[in-house]
Amino acid sequence: MEASLPDFRPSDPEAPRLRTLERYDVLEAPPTDAFDRITRLATRLFGVPIAMINFIDQEHQWCLSAHGLAPGRADREVSFCARAIQQRDVMVVPDAREDPRFADNPFVTGEPHIRFYAGAPLTAPNGYRLGTLCLIDDAPRSFSDEDRDTLTDLAGVVMDELTLRHYASDLDASRQAHRETSEQRRRILESITDAFMALDEDWTLTYVNAQAEALLERPREELVGRCVWDEFPDAVGSTFQDKYETAVEEARTVEFLEYYSPLDRWLDVKAFPFEGGLSVYFDDVTDRVEAEENLRRERDLTEAILDTSVAALVIVDADGHISFANERAGEILGDTPDALTGMRYADTGTLAPLDGTELPPDEWPFRRILDTRRPLSDERYVFRRPDGETRSLSVNAAPLYDANDDIRQIVFSIEDITDQVQYERELKAAKEEAERANQLKAAFLANVTHDLRTPLSSIIGSAEMLAQSAPAECQDSVDRIERGSRRLRDTINSVLDLSKLEAGAVAPAPTPVDVADEVLGTAELFRPQAREQDVTLTTEVADDALRAELDPTMLHRITDNLVGNALKFTDAGGTVTLRAYADDATITIEVNDTGPGIDADFLPQLFESFSRGDNAREREGTGLGLPIAKRLTELMGGTIAVDTEQGVGTTFAVQFPR
């Protein structure tokens, strides 16, 4: 973070405070790791989502550490902390919306929507308040006296951390200053979050803080006054000894990361030489090292996956140059991965839609994603390689963003679908040929049924007249002629209806329909037939009007076919139940019978034209009622389902959108 204190006049009342802030050099080189540990601790300790360490210069608030919010800079005039440093103790705002000082503050009305704020001043030893350790919540809350004391102590730890660093750099300046501030330094050393130990020129341990005790798993009483190499013999000849001796001999700070086997830990070490000894800060970073190692392994695994992927993977930087291509990409694009790397995306070949003309580079997927910031999925193109070979490709792509939310790269996954496209074209041609054949069939069936209906009507009429005058011994034959003729007419009508449906010559005409009225009407229509068969026909319809936008003619045909089919397969003494009910989105009609049920082996063919199960062999029917009902249902956007159990019965359920 780059920041500098503005010029100020000696007469400025802020001048001494700003000079103190400048001496600490905190804006240019903050102890970020230590600050981050304190803000994390504060959020856990107080149960708030955000904790921040802020410093106030003449014009700005500088956030040097934040947990729960990105650090940054804000104008001093809108800063809560700028007000907090005007008082000695903790400033608490239980509900910023109710506080006239902050109700219109942009950090209250906008992100992060501050409602609760508590800030403890960071007070330098000379009494000047340099900034705050503050807590933020997006909900109002109370703050007890004990909470105030705890936050004040934590703010003291922050200031101690700064003061420690300030003092540590100055240890070799004055032994007398060290003696005068020894108690304060001891308190600081005990309060810092890093482990710390001090060594004199003979490598004798002169100080070990509590954190070092815990990390080294040794009480300080056993260590202070003894030679570090005697107490930690495994460090002799190691990086630890080499770095410490270098720091002392060359009078310079050393920093290093090293594994210490007796503790089975990775230590991050900083050693600061001073006249007559060495100050050593160290921290257990085993988790961080292991996380970095896991990340490295994952990166290696990712690279291995990219290299061995069956899909072609290409990564293009925001400037249009290819930064990665795997082996499969080379095979499809007609070049080696090394040759593709660094090449401009538009120099790899030419691109065109499957059935279109060549695209200019500005219309390639790369440029479109760069402009729209949107990924794409399964877009199909024809790619012509420099060697003249063309391939059909399926392209998926997604952008990758940097920390500023700018697109830094676009990742392409490319699949060669040349064979698939050829197959789809052949399949489309076969489908079109089948549709033409189906249209011819429909036309043929329409003509045949039309030619058959006229003589069939004459036969039915003649049979009806003959029944009135034929002698008794001929009545059975006349009845058979009439029944057979009517059955043939029904079959012809069904065949004609089915042919129209298959040819797409039927379209629904939706209109508001009272489905309850339709269900009751269907039941009344079939009640005489049910009585004749000694079958009980009942209805179960919701009291409320069941209205939906449906084609009434198609709905009649569906309910007639389902109820007629149920009566056909229900023996005397059985029951057929017609139900209708609805919810907010759908309306459902069910037809339940107590017939013999449907054989599970026949269910896959249930809705196929002219298909009839074993139970239907001895019963009249064309095998077209259910296929017609299914097609009419689907034309109106509905679904039809069947639930059956042999020996118990069958239920057909038709569901429509309302």
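**Entry 1: overview**

I am working on a predicted model. I started with the chain as a whole. I find 19 helices and 24 strands. The chain has 658 residues, and 41% of them are buried. I then looked at contacts between residues at least 6 apart in sequence. Of these, 55% join residues at least 24 apart.

**Entry 2: second largest cavity**

I searched the whole structure for cavities of 30 Å³ or more and got two. Which elements each supply at least two residues of its lining? I noted helix H9 (228–231), helix H10 (239–250) and strand S10 (265–274).

I wrote down the lining by residue. It includes Val228, Trp229 and Phe232.

**Entry 3: largest cavity**

The largest cavity holds about 250 Å³. I count 15 lining residues, and those closest to the centre are Tyr345, Thr348, Trp364, Phe412 and Ile414. Four elements give at least two lining residues each: strand S12 (312–317), helix H14 (365–372), strand S16 (390–401) and strand S17 (407–416). How does the lining divide by class? I get 14 nonpolar residues, one polar and no charged. Thr348 is among the residues closest to the centre, and threonine counts as polar.

**Entry 4: H18 against H19**

Next I looked at a helix pair. Helix H18 covers residues 552–568 and helix H19 covers 625–635. Their axes lie 9 Å apart, at an angle of about 145 degrees. The crossing of H18 and H19 is left-handed.

I listed the contact residues on both sides. From H18 I have Met554, Arg557, Ile558, Asn561, Leu562 and Asn565. They meet Gly625, Leu626, Ile628, Ala629, Leu632, Thr633 and Leu635 of H19. The contact divides into eight nonpolar residues, four polar and one charged. An α-helix has 3.6 residues a turn, so residues three or four places apart point the same way. I kept that in mind while reading the list.

I moved to helix H1, residues 15–24. Buried residues there are Ala15, Arg17, Leu18, Thr20, Leu21 and Tyr24. Just after H1, aspartate 25 has a positive phi of about 55 degrees.

In helix H2 (residues 32–46) I picked out threonine 43. Is threonine 43 buried or exposed? I count threonine 43 as buried, because its relative accessibility is 9% and the cut-off is under 20%. Leaving out residues up to four places away in sequence, threonine 43 touches Val48, Pro49, Ile50, Ala51 and His67.

**Entry 5: backbone exceptions**

Most residues other than glycine have a negative phi, and most peptide bonds are trans. I looked up cases that depart from this.

The peptide bond from glutamate 111 to proline 112 is cis, and its omega is near 0 degrees. Proline 112 sits in the loop between helix H4 (106–109) and strand S5 (116–123).

Alanine 251 has a positive phi, near 50 degrees. I place alanine 251 in the loop between H10 and strand S9 (254–260). I call alanine 251 exposed because its relative accessibility is 62%.

Aspartate 534 also has a positive phi, near 60 degrees. Where is aspartate 534? I find aspartate 534 in the loop between helix H17 (515–532) and strand S19 (536–541). Aspartate 534 is exposed, with a relative accessible area of 51%; the cut-off for exposed is over 50%.

**Entry 6: isoleucine 459**

I ended with isoleucine 459, in helix H15 (residues 418–469). Its relative accessible area is 40%, so I log isoleucine 459 as partly exposed. I also checked isoleucine 459 against isoleucine 481. They are 22 residues apart in sequence. In space, their C-alpha atoms are 8.3 Å apart.

Key. Residues numbered from 1 in each chain as written. Predicted model: local features only at pLDDT ≥ 70, side-chain atom pairs only at ≥ 80, totals over all residues. Heavy atoms only, no water. 1 Å grid on protein atoms, 1.4 Å probe; cavity = no way out; pocket = protein on both sides within 12 Å on 5 of 7 lines; lining within 4 Å. Points joined across faces, edges and corners; volume = space filled by probe spheres on them. Buried < 20%, exposed > 50% of the residue type's maximum accessible area, 1.4 Å probe, protein only. Axes fitted to C-alpha atoms, helices over the stretch in contact; angles between N-to-C directions. Left-handed = near helix turned anticlockwise from the far one by under 90°. Contact = heavy atoms within 4.5 Å.
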